[in-house]
Amino acid sequence: MTVGEPRAVAVSLTKGGVGKTAVAINLADRLQQRGRTLLVDIDPAGNATEGVGEADAYDLEDHIGTYLKEAAMADDDETVDPSLDDIIIEREGFDLIPSSADLATSESIIDAENRFAILVIKQQLLDIVLGDRYDYVVFDTPGDSDSLFREAAIFGAGNVIVPMTPAEESVRGFETLLKTEIVPARDHTDVDILAIVPNMMLSDNESQWLCDELNESFGDLLPPFGHPSLFDDDEEIDPGIRQRIAFKRAWREGVPLAEYDPDSDMIDRLDELADIVVRGGINGE
């Protein structure tokens, strides 16, 4: 197992329906082949929690929201209840911090009472586990236009993977994410977009349009498997992470794609995405 520099990454876009959860789950699965990995579901919808077979955890009384709320309000020497260990589910493969039906309530309390709320995930989660307990931490973030936990995950992780689907709404979501969260965060800390990932792709004009647009404007952030030239290469699968029914079936079964369908033609691309995270970028060392 080759482990790179410990790294956290937020899978983010201010737009729902772009396949963030599938990317986050399967990225965590492939990173687990490279080092100890934790998946953190900070989307109140809880789709990642359900998609890894832990739906019952969604209704637990103690969850990441209650932990972060208590940790943000506690004095330095005060014991936090629930503790971080109380909310981590140790699993075969990657571990999980599940979401909760009450997550949005905790987010509102932290945002209202703690003026440094954007630091809460960095200080109370990443600074504790990253590099010590885990080599990689992956956040599945909400698609809401205004989410403290998404902003805090981006700020704390300092690395972002952006899934985009072939639709104008997806492009606008990326523009919003860049303008309202990534650029402002860069005034205070380093935030790198590791990759923009064409996702849920089909062999149609809209998919080609997206790859062409991304290659023209953000070519240095487009993985090789997302390059539009693959549309013209008869020897290759068309670009992007393709829309495969196996992703949905794996989610329903509560397992990553590689466990549900080890022969899927998308596993190599997910491995390539994991390698980008390990290197710290498409052209990283």
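A salt bridge is a side-chain nitrogen of Lys or Arg within 4 Å of a carboxyl oxygen of Asp or Glu. The model discussed here is predicted.

Q: Which side chain of opposite charge is nearest to R242, and how far away is it?
A: R242 is buried and has no salt bridge. A salt bridge requires a distance within 4 Å. The nearest side chain of opposite charge belongs to D238, at 4.0 Å.

Q: Which backbone oxygen does the side chain of R242 reach?
A: A polar contact joins N or O atoms within 3.5 Å. The side chain of R242 comes to 2.5 Å from a backbone oxygen, that of P239.

Q: Which residues does R242 touch, not counting residues up to four places away in sequence?
A: R242 belongs to strand β7, residues 241-242. Residues up to four places away in sequence are not counted here. The residues touched are M200, M201, L202, S203, I237, F247, M266 and R269.

Q: Which are the edge strands of the open sheet of seven strands?
A: The strand order is β3-β2-β4-β1-β5-β6-β7, with parallel pairing. An edge strand pairs on one side only, which applies to β3 (95-97) and β7.

Q: Which residue in β5 stands opposite V11?
A: Strand β1 (residues 7-11) pairs with strand β5 (residues 159-164) in the parallel sense, over two bridges. Within β5, the residue opposite V11 is I161.

Q: How far apart are the end C-alpha atoms of residues 8-180?
A: An unreviewed UniProt entry lists residues 8-180 as "domain: AAA". This span is 44% helix and 13% strand. Its end C-alpha atoms are separated by 21 Å.

Conventions:
Residues numbered from 1 in each chain as written. Predicted model: local features only at pLDDT ≥ 70, side-chain atom pairs only at ≥ 80, totals over all residues. Heavy atoms only, no water. Helix = DSSP H or I, 4+ residues; strand = E, 2+ residues; numbered from the N terminus. Buried < 20%, exposed > 50% of the residue type's maximum accessible area, 1.4 Å probe, protein only. Lys, Arg positive; Asp, Glu negative; His and termini not counted. Polar contact = N/O pair within 3.5 Å; in protein donor to acceptor, adjacent residues only side chain to side chain. Contact = heavy atoms within 4.5 Å. UniProt positions renumbered as here; feature names shortened; annotations may be inferred. Pairing = 2+ DSSP bridges.
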